[in-house]
Amino acid sequence: MEHQPSVAVRWGRRAWATLGVAGVVVGVVFLASQVSLILTPVVLALFPAALANPLAARLRRSRLPNALGALVLLLLLLLVFVIPAYLIVPALAAQAPQLTSSVVDGLAELDRAVDWSRLPGNIKGASDLAQQAIGALGGGGGGGALTGGLGLVRQVGDVGTGAVLMLVILFFYFKDGRRMWAGVLGLLPARLQPETDLLAQESFWTIGAFLRGQLLVALVDAVFIGLGLWILGVPLVLPLAVLVFFGGLFPIVGAFLSGTVAVVVALASKGLGTALLTLAVVLLVQQLEGHVLSPIIQARNIALHPLVIILAVTTGGAIMGILGAFLGVPVAAVVARIVDHLQGREPQAGPAGLRRRMGRGPTLEPDPAAAGTGTGLHPSTETEPEPEAPVPGDGRGEG
């Protein structure tokens, strides 16, 4: 009879295994922090690549050469962001001082209307809270100002270097994404490759579907709240609508903060009555978003509880600032989808759901681009007797 280890031995092994995994995680995080200037663009480039997945699939069908197709995608993405920025940024810059003044006046109105001494905590007023936040972001005087200035110059240089590096990496993701991923898979044992490939497909699809859906939700929020502000005669409609759009990219938290700014500006410029009507417009649009629009657009992509979304945004913001707050929800959605996959729960959409509906398990097919066929952006998507699984950078399975 085979000897069975005691309970203490089994728990001891688990404890050592847990400590080993924790040590590996800490080591990876430390190494990542040392090469963040390189690692950050590598990771961030995955997001626009996932966002452009459907367009990449259409370009593949056109049989463009590898480099030309990747260049077209990259230029189109740049135009999508550069043209609106060129049209909107000058107007925003011109109205930014007025927006700041309106917010300050609105906070002063709140200070006069609310007896902050009756509230718990050492809160002196809304204006005091804003000044503390501004002070926390700013540097000290004297030599500290010089140090802060040099630090700012370095940060700007790092951002510029990272942006250029991300564009280069994104180009190669579009051009050789499948072959690069096949090389990574080749490092794993053969028995793990199909399942790992499918998990990567699920993650990549989830990121792209979430980003496209959230951009649409944010655009609808900005249009309807901006229209409501215009009807109510609230000034600074354009900057407030743009603020609502960017706030909409941060689910729940961003919408709340941008809506609060709109209410404060309405209070300062039009009085309490218009501020209450503005609050009603913001709440109405956000309720329509939360109960009608988001379930229709995002229900198949993510199934996260609102508390999980808030914690994901807050945790991401605490770790990586604004960028982390933006990435928190898609990362949480990817983790949730992987957990569902490992527990055997079939997704409503995405590569795994498509494969199961076709009656096939995960398979890792060869890359025709690696053999010199297709566009080289990623494997062909045309219908064949045995179609390939969608892969990171492949546009199939989009819901």
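Let's begin at one side chain: Asp-176 is buried, with a relative accessible area of 13% (buried means under 20% relative accessible area, exposed over 50%, and partly exposed in between, using a 1.4 Å probe and protein chains only). Everything here comes from a predicted model, in which local features need pLDDT of at least 70 and side-chain atom pairs count only at pLDDT 80 or more, while totals for chains, interfaces and linings use all residues. Residues are numbered from 1 along each chain as its sequence is written, and side-chain values use heavy atoms, with hydrogens and water left out.

Asp-176 has a charged partner: its side chain meets that of Arg-179 in a salt bridge, at 2.5 Å from N to O (a salt bridge is a side-chain nitrogen of Lys or Arg within 4 Å of a carboxyl oxygen of Asp or Glu). Arg-179 is partly exposed, with a relative accessible area of 31%. Both residues lie in helix α7 (residues 143-185), 3 residues apart, about one turn of the helix. An α-helix has 3.6 residues a turn, so residues three or four places apart point the same way. As for the term itself, helices (H or I, at least four residues) and strands (E, at least two) are DSSP runs, numbered from the N terminus.

Asp-197 forms a salt bridge with Arg-178, the closest N and O atoms being 3.4 Å apart. Asp-197 lies in helix α8 and Arg-178 in helix α7, so this pair ties together parts that are 19 residues apart in sequence. Asp-197 counts as buried at 1% relative accessibility, and Arg-178 does too at 3%.

Next comes a link over a longer stretch of sequence. Arg-337 forms a salt bridge with Glu-202, with the closest N and O atoms 2.7 Å apart. Since Arg-337 belongs to helix α12 (residues 306-342) and Glu-202 to helix α8, the pair ties together parts that are 135 residues apart in sequence. Both Arg-337 and Glu-202 are buried. Elsewhere, salt bridges that share partners join Lys-175, Asp-176 and Arg-179 into one network.

Staying with helix α8 (residues 193-232), we find Trp-230. Trp-230 is exposed, with a relative accessible area of 61%. Together with Leu-216, Leu-219, Val-223, Phe-224, Leu-227 and Ile-231, Trp-230 makes a nonpolar surface patch of about 750 Å². Such patches are made of residues with over 30% relative accessible area and no salt bridge, with like charges joined within 9 Å and nonpolar side chains (Val, Leu, Ile, Met, Phe, Trp, Tyr) within 5 Å.

The UniProt record (an unreviewed entry) places the feature "transmembrane region" at several spans, including residues 38-56 and 215-238; its annotations may be inferred rather than shown by experiment. In the model, residues 38-56 are 89% helix and 0% strand, with end C-alpha atoms 25 Å apart. Residues 215-238 are 83% helix and 0% strand, and there the end C-alpha atoms are 18 Å apart.

Finally, let's step back to the whole protein chain. It has 13 helices and 0 strands, and 35% of its 399 residues are buried. The chain exposes about 22500 Å², of which carbon and sulfur atoms supply 72%; accessible areas come from the Shrake-Rupley method with a 1.4 Å probe, and for residues only the protein chains shown count as cover. Among contacts (heavy atoms within 4.5 Å) between residues at least 6 apart in sequence, 72% join residues at least 24 apart.
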